[in-house]
Amino acid sequence: STTVSVLVPAAGQGTRLGRGPKAFVRVGGRTLLEWVLEAFAWADEVRVALPPEAEPPAAPANVRFLEGGEERQESVARLLQGARGDVVLVHDAARPFVVPAVVDRLLQAVAAGGAAVPVVPVPDTLIEPEEGRYGPALDRGRYALVQTPQAFFRELLAEAHQLARARGLLATDEAQLVRALGYPVELVPGDRRMFKVTFPEDLALAEALARTWDR
Ligand code: C5P
């Protein structure tokens, strides 16, 4: 049957959050990384990229740690080296709330198409500011916000990363690289609870969600 490797880039410095390396920030009494490791306890392997100076924490037997790179993309490239699953799920450590129904949708979609990511609608009016002033408004209905986990056939993602390296592409997610390869990426409905803890005020929201989260 299909095996799954989860790749967790957790090597960011958390500059915008201002609390040190983000993966080790606590929410509901546990680190963001611990939330993610628990969510993927079922996976065949979980590979985590940590900041260079970080001490690997105690973790379940399916988890391996390695040193991340300067950029998120480099961290994922390193995680991919030596990954063994037929399918890889790339998931930001900064997203502690993994919704099982979304993972189910991703695994179904990836089996059919080779690449799938979760998206959510843009809730606010979306503009392009012009020198600090109100600029043109985009039609928000035409846009979507992209979350993780992102699911790929491992060999497809490896090829996309090779292409990125060869062309010097740097992207904020893996799906961009797969698309650059000319390969279609399926969209599945995401879930707003899978938001990325990025700014200090996100922690209040995360604390509130942690209290009611069904583990
Ligand atoms: O900075 P941002 O919030 O977009 O980072 C997304 C994820 O990528 C985080 O989980 C972060 O730890 C990870 N990352 C990484 N290596 C880097 C930069 C970010 O693993 N060099």
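Visitor: Which residues are closest to the ligand, and how many surround it?
Guide: The ligand is surrounded by 15 residues, and the closest are Pro 9, Ala 11, Gly 69, Ser 75 and Lys 196. A residue counts as near a molecule if one of its heavy atoms lies within 4 Å of it. One caution: this is a predicted model, where local features need pLDDT of at least 70, side-chain atom pairs count only at pLDDT 80 or more, and totals for chains, interfaces and linings use all residues. Residues are numbered from 1 along each chain as its sequence is written, and side-chain values use heavy atoms, with hydrogens and water left out.

Visitor: What does the side chain of Lys 196 do there?
Guide: A polar side-chain atom of Lys 196 sits 2.7 Å from an oxygen atom of the ligand. Pro 9 and Ala 11 use backbone N or O atoms instead: the one from Pro 9 is 2.8 Å from a ligand oxygen, and the one from Ala 11 is 2.9 Å from a ligand oxygen.

Visitor: And how much of the ligand does the protein bury?
Guide: The protein buries 83% of the 460 Å² that the ligand exposes when taken alone. Those accessible areas come from the Shrake-Rupley method with a 1.4 Å probe; for residues, only the protein chains shown count as cover.

Visitor: Okay, Asp 202 next. Where is it?
Guide: Asp 202 is in helix α6, residues 200–212. Helices (H or I, at least four residues) and strands (E, at least two) are DSSP runs, numbered from the N terminus. Lys 196 comes up again here, as Asp 202 touches Phe 195, Lys 196 and Val 197, not counting residues up to four places away in sequence. Contact here means heavy atoms within 4.5 Å.

Visitor: What does the side chain of Asp 202 reach, then?
Guide: The backbone nitrogen of Thr 198, at 2.8 Å. A polar contact is a pair of N or O atoms within 3.5 Å; within protein, one must be able to donate a hydrogen and the other to accept it, and residues adjacent in sequence count only if both atoms are side-chain atoms.

Visitor: Switching topic: how many salt bridges does the structure hold?
Guide: Nine. One of them joins Arg 30 and Glu 38, at 2.4 Å from N to O. Arg 30 belongs to strand β3 (residues 30–31) and counts as buried because its relative accessibility is 10%, whereas Glu 38 is partly exposed at 36%.

Visitor: Which pair links distant parts of the chain?
Guide: Arg 165 and Glu 74, whose side chains meet in a salt bridge at 3.5 Å, N to O. Arg 165 is in helix α4 (residues 154–167) and Glu 74 in helix α2, 91 residues apart.

Visitor: Which residues are linked in a network of salt bridges?
Guide: Arg 72, Asp 92, Arg 95 and Glu 174.

Key. Salt bridge = Lys/Arg side-chain N within 4 Å of Asp/Glu carboxyl O. Buried < 20%, exposed > 50% of the residue type's maximum accessible area, 1.4 Å probe, protein only.
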